Protein chains: 2
Amino acid sequence: MSKVIALPSNKSSNLPGVERPNGRKAGEVTRERILDAAEVLFAEHGFHGTSMRDVAQESEARLALVAYHFGTKDTLFEKVVERRAAFMAHQRMQLLDAARTQAATGTIPLEDLVKGYVYPFVERSTRGGRGWKHYSLLVARASNAPDYAKVIGVHYNAVARQFVAEFCRTLPSVEEERIYHAFSFMVGTMLSLVAEPGRLESLSSGAYRSSDMERVFETMLPFLSAGFLSLCNNEEN
Amino acid sequence: MSKVIALPSNKSSNLPGVERPNGRKAGEVTRERILDAAEVLFAEHGFHGTSMRDVAQESEARLALVAYHFGTKDTLFEKVVERRAAFMAHQRMQLLDAARTQAATGTIPLEDLVKGYVYPFVERSTRGGRGWKHYSLLVARASNAPDYAKVIGVHYNAVARQFVAEFCRTLPSVEEERIYHAFSFMVGTMLSLVAEPGRLESLSSGAYRSSDMERVFETMLPFLSAGFLSLCNNEEN
DNA sequence: GTCTATAGCTTGATAGAC
DNA sequence: GTCTATCAAGCTATAGAC
């Protein structure tokens, strides 16, 4: 195969639909690169703090190319959220199903429910590499922004409801509404761990760091389980 | 006093330093109006999602006037955060001091510490009127944005450290680092209550609302106290 | 699929009259 | 203190060549 004349970039074939050596369509690798860049920027500067130009520059693609692949900035954001959501849902459901099997006809222990929902998120944030690190940050921050929490909900609510239902079975004496509230506390706690890596340092004047998340998780798990258990202890007050 | 000719607005005197009927300097009322508008907008759309023009329009002031009073957008944001921070700090310290007095030489009960930090925030968010409502939302969301968490820290860390120190005295068997982590969980839980009024509705398909925050607080208080208490129960695992 | 170029608008900040 | 007017820069989105 003779050497072609001065290709402007390192891309080997730009014809649509043509298979590349690694078996992926041309352009798909570009899409991923753009998503990676958007993930980083949305996580660090938020939706409004990130421009399509920033994404183009970070991904080393031209501005028009970003628009070609994703259209508007809104749909780009949605695609970023969507990309890793199914994996997260699958991990959580896998742990929930395992706990259901192990519990057989009985109820699932509180710790297993908390762990089943929180651990996959913390685990990916910790061990999933830079991509997941940024993604978890993005999800945590977007959850607090009214406009974009909706996008999150589309991908995360179904699994969350499964867990809420199971919490209700484990704590049958507690009214459903309070289970929902406690679940919300749990999510808030979980998100704060990955969303605010700076707060703990700032608060403790740098003495402690939340960088060792898996270790912090060891504290968080009993903390949350005890919290859920407390729901049973107020028959009246 | 003769009627002056066609004043362009309802402002009686615009001379700097001149006292107005209510005893406030001219312009001060304008400053407050601008701060109110910025508070609403920053809370709902975030820093980058809010333009100086939006603030001008919402406050019914001209764009240049906003700049005259606050300079850059950054300093406007800081002034918004600053305005109500001292009150919040005072409320918390008042509860902490009362608890210290009541405890005399003993240690402060866990519930009082949790309540002392969380309640003032929830109370203002609930009963403080629209201004505080937006302010608490703003603080909750800004706490998760790396750039602006710093501004929050300046005004909130001092009091937070006082509470952490007191938690350490109440739970002397727990290492300081874990107290810091648990305190961070508590803050995350507290903020999630005011920051995500939509999540609970979305999750429960509209069946439950977090609008009655004081009632949710009744669930949150024992939840968090039990969480803190759990820190003692793992001499090993 | 990827590029250059640009239309059309919004932005933060400022100059200068009153 | 408040206003009108404007600048330079940045923005999203699109048109059109290759």
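This is a predicted model: local features need pLDDT of at least 70, side-chain atom pairs count only at pLDDT 80 or more; totals for chains, interfaces and linings use all residues.
View 1. Among the contacts of chain A that join residues at least 6 apart in sequence, 62% link residues at least 24 apart.

**View 2. The two protein copies, chain A and chain B.** Chain B is superposed on chain A by a rotation of 180° with 0.0 Å of shift along the axis, at an RMSD of 0.0 Å. The two copies are therefore related as by a two-fold rotation axis, and the same surface serves both of them, with 100% of the contact residues of chain B recurring in chain A.

**View 3. The surroundings of DNA strand C.** DNA strand C is surrounded by 22 residues, of which the closest are A:Gly27, A:Ala64, B:Ser51, B:Ala67 and B:Thr72. The elements that contribute two or more residues to this surface are α3 (63-70) of chain A, together with α2 (52-59) and α3 (63-70) of chain B.

**View 4. Contribution of α3(A) and residue classes near DNA strand C.** With four residues, α3(A) gives the most to the surface near DNA strand C. Sorted by class, the surface near DNA strand C comprises eleven nonpolar, six polar and five charged residues.

Definitions and conventions: Residues are numbered from 1 along each chain as its sequence is written. Chains are lettered from A and ligands numbered from 1 in the order in which they are written. A residue is near a molecule or strand if its C-beta atom, placed from the backbone, lies within 6 Å of it. Ala, Val, Leu, Ile, Met, Phe, Trp, Tyr, Cys and Pro count as nonpolar, Asp, Glu, Lys and Arg as charged, and the others, Gly among them, as polar. Copies are superposed by least squares on the C-alpha atoms of residues with pLDDT of at least 70 in both. Two residues are in contact if their C-beta atoms, placed from the backbone, lie within 7 Å.
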